[in-house]
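The structure comes before the details.

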Amino acid sequence: MTLPREKVDVVIVGSGAAGAHFAARLSQAGQRVAVLEAGPEIKTEQMVSSMLWARRLKWKGAPVLETGPEPVGYVFNAGWGVGGASIHHYAVWPRMHENDFRVRSLYGRGLDWPISYADLRPYYDRVQKECGISGDAKAEVWRPAGEPYPMGPVASANQGRIVGKGFESLGMKVAPLPMAIATRTYDGRPSCIWDGWCDAGCPTGALSNALSVHWPKALAAGATLHPNTQVVRVLTESKGTRASGVEVVTAKGERVRIMADAVVLAANTIQNARILLASESSHHPHGLGNASGTLGQFVTSHLAAPIFGLHPDKTNPWFGAFGGQFLNQEHYDQKEKFSGQGAFGSYQWMIAQAVKPNGLLGIAPSRPDIRGAALKRFMERSTEHMITMTGVVEDLPIAENRVTLSQQKDAWGVPLATVQHASSPESLALWKVAVDEGLRVFRAAGADDVWNAPKAPMHIMGGTIMGKGAGDSVANRYGAVHEVPNLVLGGASLFPTSGGVNPTFTIHALASMACDQLT
Amino acid sequence: MKATRREILYAGGIGLLSFTLGGAKVELSPRDAREAGVKPRVLLSNEEETLAALGDRIVPGSRESGVSVYVDHQLAVSFEECMLMIQYLGVAPPFTSFYRSGLSSVNSVARARHGQPFAELTDANAEALIEDMASEKLEDWEGPPQGLFYFVIRNDACDVQYGTQEGFVRLNVPYAAHILPPSEWG
Ligand SMILES: Cc1cc2nc3c(=O)[nH]c(=O)nc-3n(C[C@H](O)[C@H](O)[C@H](O)COP(=O)(O)OP(=O)(O)OC[C@H]3O[C@@H](n4cnc5c(N)ncnc54)[C@H](O)[C@@H]3O)c2cc1C
Ligand code: SF4
């Protein structure tokens with residue numbers, strides 16, 4: 001598809017979860033939409049069921065330089081090519097809670113969002129119908145108010161039931177994990193068959209992502225999609241108060257300008273900040289949208305707390321969806337519950353994930369100390385008896401955790417992004433609280449061997465946060481950049497706080513709210 | 001038989017890799033390929049041997065499953081095609097120097113301790129060296145961080161031993177693919 005020569009209504013940067021959502025809604029509203037994607041087209045047949053082949057879907061763009069004691073793990077946590085990370089994400093889609101939006105006002109730490117849960121609730125309700133979420137809203141006793149899910153819960157099996165008993169014996173509840181995975185034919189998409197290959201991409205369309213849900217709608221409505229087209233900067237009109245388009249580098253290395261009435265930047269967390277920083281001009285000498293000085297700041301990344309165990313009963317841990325079977329958000333609404341241990345924030349458990357023998361989150365790397373003949377025994381037992389769950393632990397926003405531009409440049413002369421990330425002592429303490437609880441639950445479930453993996457980064461948020469005004473943030477409640485209102489941001493880079501839940505449902509809810517403004 | 005050109009094309013038979021030897025396409029196990037004189041593309045022969053020996057000590061069976069052939073192949077392809085787990089671990093591509101300096105350090109330590117390359121160490125001496133590397137206790141180590149190097153090699157070896165269709169069969173785990181890999185590793 002040749003790049004548009006005429007001015008379009010909207011140019012969208014990035015074709016992942018957020019970009020595809022904007023493309024579908026805006027083109028369906030009759031706007032002329034062009035989407036620019038740095039990576040290649042990804043075809044269904046590239047979603048090869050293999051933890052080795054899965055690595056070809058991860059970030060393959062310009063390196064992101066990582067510093068600090070808790071690096072954000074960019075390559076694992078980002079996607080590349082049409083569909084972005086959405087095509088190999090695990091589709092665990094819980095809502096953020098009311099207190100996640102008011103962390104500063106309620107607790108005097110972190111930041112507030114410029115919106116409340118009540119503002120976002122109708123969009124969560126709308127998105128869950130559009131994308132199809134399965135779950136049991138009533139069983140999720142911690143869930144904030146909202147419509148019930150349009151589909152019944154994901155399959156549960158031995159592994160989930162065994163861990164569930166562990167929670168129950170400690171007086172805690174579990175509920176089916178809310179997942180953007182079809183449990184019956186939904187909007188033409190087939191039901192999941194529980195083979196656990198989600199990390200390698202779900203080629204059947206059972207899992208809701210840009211390729212299965214939003215791209216078909218966007219293309220049918222006339223949006224044009226341009227892979228292998230890297231956006232290097234956002235252009236502004238002479239006064240610097242309106243975006244006029246973007247400059248791109250094509251696969252052949254040509255520099256081209258694409259003009260538009262509005263620009264949507266949805267290139268994922270770190271690249272959104274990088275592109276804005278690289279779009280400096282005489283009107284915006286420190287980067288576009290950086291009047292507050294917060295551009296690049298408040299990068300957050302959930303601390304994953306992976307817990308493992310071996311249970312005397314057969315658990316068949318390879319069965320199910322990669323994201324898991326059950327959810328626990330027992331203490332979610334009490335961010336100060338563990339303040340005695342120096343902890344602050346919320347966390348949830350994703351319980352009974354399907355595990356493969358290999359892969360970063362697989363059986364083998366969970367016990368790197370085992371080798372030789374003992375490894376074979378461990379692998380043989382684990383593939384029948386392992387139990388797993390992962391805590392998603394809130395990361396307090398800190399200004400110093402930020403994206404800056406490096407002196408090093410990519411092949412097109414754009415400075416590389418450097419990301420500094422160090423978790424706050426309160427977040428690290430909360431991770432410890434979660435790990436201790438997780439190990440207790442597994443012992444209570446009857447596991448004869450329990451252990452945890454070291455903390456690891458999961459999801460990347462912040463860097464171009466939304467807020468009340470140009471003095472404290474980059475964008476407003478709709479993602480529009482304060483100083484350049486026809487430049488709209490999509491994705492988790494807008495999140496002022498991380499909460500302790502996976503971000504993609506909220507990314508879609510924000511995009512849906514922004515689209516109402518743009519149409 | 002002399003290799004004129006080598007390609008890993010299609011592991012049609014479980015555990016077999018295709019090579020072009022003397023102009024003809026043949027399917028060989030990694031061990032047979034080595035015996036047939038197939039040369040690594042990126043690693044030097046002694047590096048490949050050290051990698052195979054180290055991988056096999058950590059994950060028994062991984063030499064036969066082709067750990068050194070796998071790593072050598074992945075180092076030869078572009079980053080876009082690369083399947084090595086190291087890409088998740090904060091190491092920027094290209095990865096050859098990471099492997100090369102780690103393997104060379106393993107051999108230097110083996111020589112300093114026992115006067116032999118790693119591949120010729122006794123079981124006890126090899127295990128002691130690996131234990132020290134995994135717990136970052138090797139003095140005179142000049143490669144990448146020792147614990148990381150151990151973790152990377154262990155994962156590569158696990159990938160070929162347990163992460164392929166044959167590996168799943170070994171563990172009695174249903175592979176249940178949506179799309180079967182066109183080859184084990186690219
Ligand atoms: C392994 C894994 C598991 C996950 N599981 C979950 C989960 O269970 N639940 C959940 O809520 N979230 C999960 N996530 C996170 C989820 O994938 C992201 O939140 C979501 O994809 C982000 O959407 P996005 O549109 O901001 O970015 P992406 O979906 O990554 O899309 C961004 C796109 O922009 C492109 N791009 C980048 N730079 C440029 C440029 N300069 N020019 C043009 N294009 C560019 C990229 O190539 C990419 O295609 C997971 C992520 C990973 C990696
Ligand atoms: S487990 Fe379900 S969602 Fe995951 S890849 Fe298989 S069919 Fe798709």
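Is Trp93(A) buried or exposed? Trp93(A) is buried, at a relative accessible area of 1% (buried means under 20%, exposed over 50%, partly exposed in between, with a 1.4 Å probe and protein chains only).

## Basis

This is a predicted model: local features need pLDDT of at least 70, side-chain atom pairs count only at pLDDT 80 or more, and totals for chains, interfaces and linings use all residues. Residues are numbered from 1 along each chain as its sequence is written, chains are lettered from A and ligands numbered from 1 in the order in which they are written, and side-chain values use heavy atoms, without hydrogens and water.

## Aromatic pairs

Rings of Phe, Tyr and Trp (its six-membered ring) pair if their centres lie within 6.5 Å; planes under 30 degrees apart are stacked, over 60 edge-to-face, the rest tilted. The count is 23 aromatic pairs over all chains. Trp93(A) and Phe505(A) make a stacked pair, 5.5 Å centre to centre with 20° between the planes. This pair links distant parts of the chain, 412 residues apart. Phe505(A) is buried too, at 0% relative accessibility.

In chain B, Trp141(B) and Phe149(B) form a tilted pair: 5.8 Å centre to centre, 50° between the planes. Trp141(B) is buried at 13%, and Phe149(B) is buried at 0%.

## Charges over rings

The charged end of Arg56(A) sits over the ring of Trp53(A), 4.6 Å from its centre (CZ of Arg or NZ of Lys within 6 Å of the ring centre and within 35 degrees of the ring normal). Arg143(A) has its charged end over the ring of Tyr149(A), at 4.3 Å from the centre.

Key
Helix = DSSP H or I, 4+ residues; strand = E, 2+ residues; numbered from the N terminus.
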